[in-house]
2 protein chains.
Amino acid sequence: MKIESIDLFYFALPKVRDIADGSQDSFVVRVRSDTGLEGFGESDSSPLVAFACYCTPTSHSNIVPLQQILAGQTVDSPDDIRRIYDHARRRALDMAHLPHAYAAADIALWDLLGKHLDQPIYRLLGYDRQHAKRAYGSYLFGDTPDETRDRAAVAVRDGFTAVKFGWGPMGKVDEEFDIDLVRQARAGLGGDVALMVDAGTPWQYDDDTALQRARGFEPFGVTWLEEPLAPDAVAAYGRLSSASPIPVAAGEGCDTVRAAEDLLEHGGVHFLQIDSGRIGGITPTMHTVRLAAQHGATFVNHTFKSHILLAAMMHTFAGEQQASWLEYCGSGSPLIEAMVDTPIKVDSAGFVSLPEGPGLGIKVNLRRAGEFARHIDIRIDRKSIGTTADP
Amino acid sequence: MKIESIDLFYFALPKVRDIADGSQDSFVVRVRSDTGLEGFGESDSSPLVAFACYCTPTSHSNIVPLQQILAGQTVDSPDDIRRIYDHARRRALDMAHLPHAYAAADIALWDLLGKHLDQPIYRLLGYDRQHAKRAYGSYLFGDTPDETRDRAAVAVRDGFTAVKFGWGPMGKVDEEFDIDLVRQARAGLGGDVALMVDAGTPWQYDDDTALQRARGFEPFGVTWLEEPLAPDAVAAYGRLSSASPIPVAAGEGCDTVRAAEDLLEHGGVHFLQIDSGRIGGITPTMHTVRLAAQHGATFVNHTFKSHILLAAMMHTFAGEQQASWLEYCGSGSPLIEAMVDTPIKVDSAGFVSLPEGPGLGIKVNLRRAGEFARHIDIRIDRKSIGTTADP
């Protein structure tokens, strides 16, 4: 197949709130080939900044617009997608935003190829079968411990057997408050539901405080403590990981495979949480899945976008039996609900499987999501150099 | 002082060529305070992508536009600039392009503060005095070995006592051709002029080939071999650095302080080449200057933009006596020449000093650079959300 068009879309809720909820907007890429097939992908990025990477004027031979890099490429095999990825990394070598921007295109190419070859992506990636994942509902902490307890009770009613709370006021008041947030989360969940804590990088480079919190949280049965430190605080992660009574999780801030490898080798994290929508798509994510296994860490997805990205992430570790957790965004964003006709559901036992259709296995409904579409038009010297497509 | 306005500028040559010459465009930020002072900074970035980071709609609490992050901030001391930097890193935590985009603002804040306190930036950074640097002219390889020899002769006539050749056909033909490029560079320079080779990442993750080339180049007296590998090929750099007969240089691809630390600790590079216009400005660059010294490596600037960025970089290691090399772009871009009224010149002995004026110490001439100004207007749903300023 030859790529014939690359269409870009920007969706957002009418009112975006200043909270750590990534499900409020979305950057989607549609790739169409000369066979009439189309593939979809999604980035976890500022949609405008990602869009700009596709239409930016050339700065020099290492900053070339992604539209130009992708246009006319041939895609008949997984190796073609890897070749295009390598090509993009060279031609946009000096574009720091490349992994965030390119992610949606890479996923769209895998979706397209899967449809072309009539295979789910996970098979193209070399897995014989998929293993259902245990979903943990991902929620923000309430503004108070009491509110957190109420949210926890709702999450249990929604059928989750595992729940993660993150961000919100964690790390912003004092130790007693932090511990009370976790205590009330546990109270709301009851004893049988797994509880993860996502601190939201509050202690930055201070692993002493992070360790103190880990000790304070331990009595409440916490599966992991996520992102207590800044994404690049690798040495501090190394000290924390070896001393913490709770396993340590991190990785969503990895924009490169090397950053993930660094976090495994020198940060010693027990759970590696990669977002395909940030690291550059399915292609580089596969390297991190293998690296996690090599380092004895458990791979987990980070996903706070629509089911386009959730499906993409599931394919990357579908066949890894020991990587059994799945982050499942519990925000209930109407944008997420509108994006696909075939949402990926949590079953009555709290598990999630991929649909077995070709490509991503989901049916994107841009027309329905169109309710949330926003139109970008970038003009240079009064001439339009790029616009979003109509959904 | 309070920040009153942040103005953004995009300059480009009328015809941008598809070669590895970063001096063909520029993203400039001007910050004005309520005292009537102004500061300037420059990024090494796609200007459009950097611009988009300043005016992007908020995605959530970790993707907030840089205009909003900077507006109304108070700047009275170096610690204020560091505080604003930390604030930006949290509020734009999930924006991969942040370091490239923010760099120009950070530099502008230091320029502004230096003018406010009537001090050159290097004094605000804690240096008592500056040490003149030995300039090496930075050129692209010619398309052939013969052309490279001719360029080398020109560089010597231009007064450089050290010359670096980079990119072009290096690594794209075969071993014999690569070695002949270096042989002819040396022939054109004569025996007394220092020669650096910037391979331009051709061997990616293949340190065996890179080592073979280092051995092939050694007879021609090469001061360092730069970027033979991909920026994130840290393990391969580690193997190469310990075996190479020529010192190894890398680092321009570091978008985070941790990436630089990783390259020093595990890549073992002998020269660390940081670009303040990519890593986020002067503030994070200072960490890398200290890290290089701690690891026994020599800090060198990477600069292929105007003298705004050249001056900013010089301040970061002005007082480091043992870091004595300075990259000085030899491309002769008319845009670079137009940008400042007080270009930083190479003296007759081949050395460069910073002017002793306050702030950056240079006089930016936006009106003259205005010949190359391009106008960006980003519209969302037909409404303009950001435009470049008139120079």
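What distance separates the centres of domain 1 of chain A and domain 2 of chain A, taken over C-alpha atoms? In this predicted model, the two centres lie 26 Å apart. Domain 1 of chain A is built from two segments, 3-122 and 365-387. Domain 2 of chain A covers residues 124-352.

The two domains of chain A touch through 38 residues of domain 1 and 36 residues of domain 2. On the domain 1 side, several elements of chain A give two or more residues each. Two of them are strands, β2 (25-33) and β3 (38-43). The others are the helices α3 (78-91), α4 (98-117), α5 (121-124) and α15 (366-369). The most comes from α4(A), with 10 residues. By class, this side of domain 1 of chain A holds 21 nonpolar, 10 polar and 7 charged residues.

The fold of chain A as a whole was examined next. Chain A contains 15 helices and 15 strands. Its radius of gyration is 21 Å, close to the 21 Å that the globule rule gives for 391 residues, so chain A is as compact as a globular protein of that length. The C-alpha trace of chain A spans about 60 × 45 × 40 Å along its principal axes. Of the 391 residues in chain A, 60% are buried. Contacts in chain A were also sorted by sequence separation. Among those between residues at least 6 apart in sequence, 74% join residues at least 24 apart.

The model also holds an interface between chains A and B. Here 42 residues of chain B are in contact with 42 residues of chain A. The largest share, 5 residues, comes from β14(B). The side of chain B that touches chain A comprises 18 nonpolar, 13 polar and 11 charged residues.

Strand β14(B) also takes part in strand pairing between the chains. It pairs with β14 of chain A, residues 376-380, in the antiparallel sense. The pairing runs over 5 bridges. Within it, Ile378(A) stands opposite Ile378(B).

Technical notes
Residues numbered from 1 in each chain as written. Chains lettered and ligands numbered in written order. Predicted model: local features only at pLDDT ≥ 70, side-chain atom pairs only at ≥ 80, totals over all residues. Helix = DSSP H or I, 4+ residues; strand = E, 2+ residues; numbered from the N terminus. Rg over C-alpha atoms; globule rule 2.2 N^0.38 Å. Buried ≥ 20, exposed ≤ 12 C-beta atoms within 10 Å, placed from the backbone. Contact = placed C-beta atoms within 7 Å. Domains from an automatic or database assignment. Nonpolar A, V, L, I, M, F, W, Y, C, P; charged D, E, K, R; others polar. Pairing = 2+ DSSP bridges.
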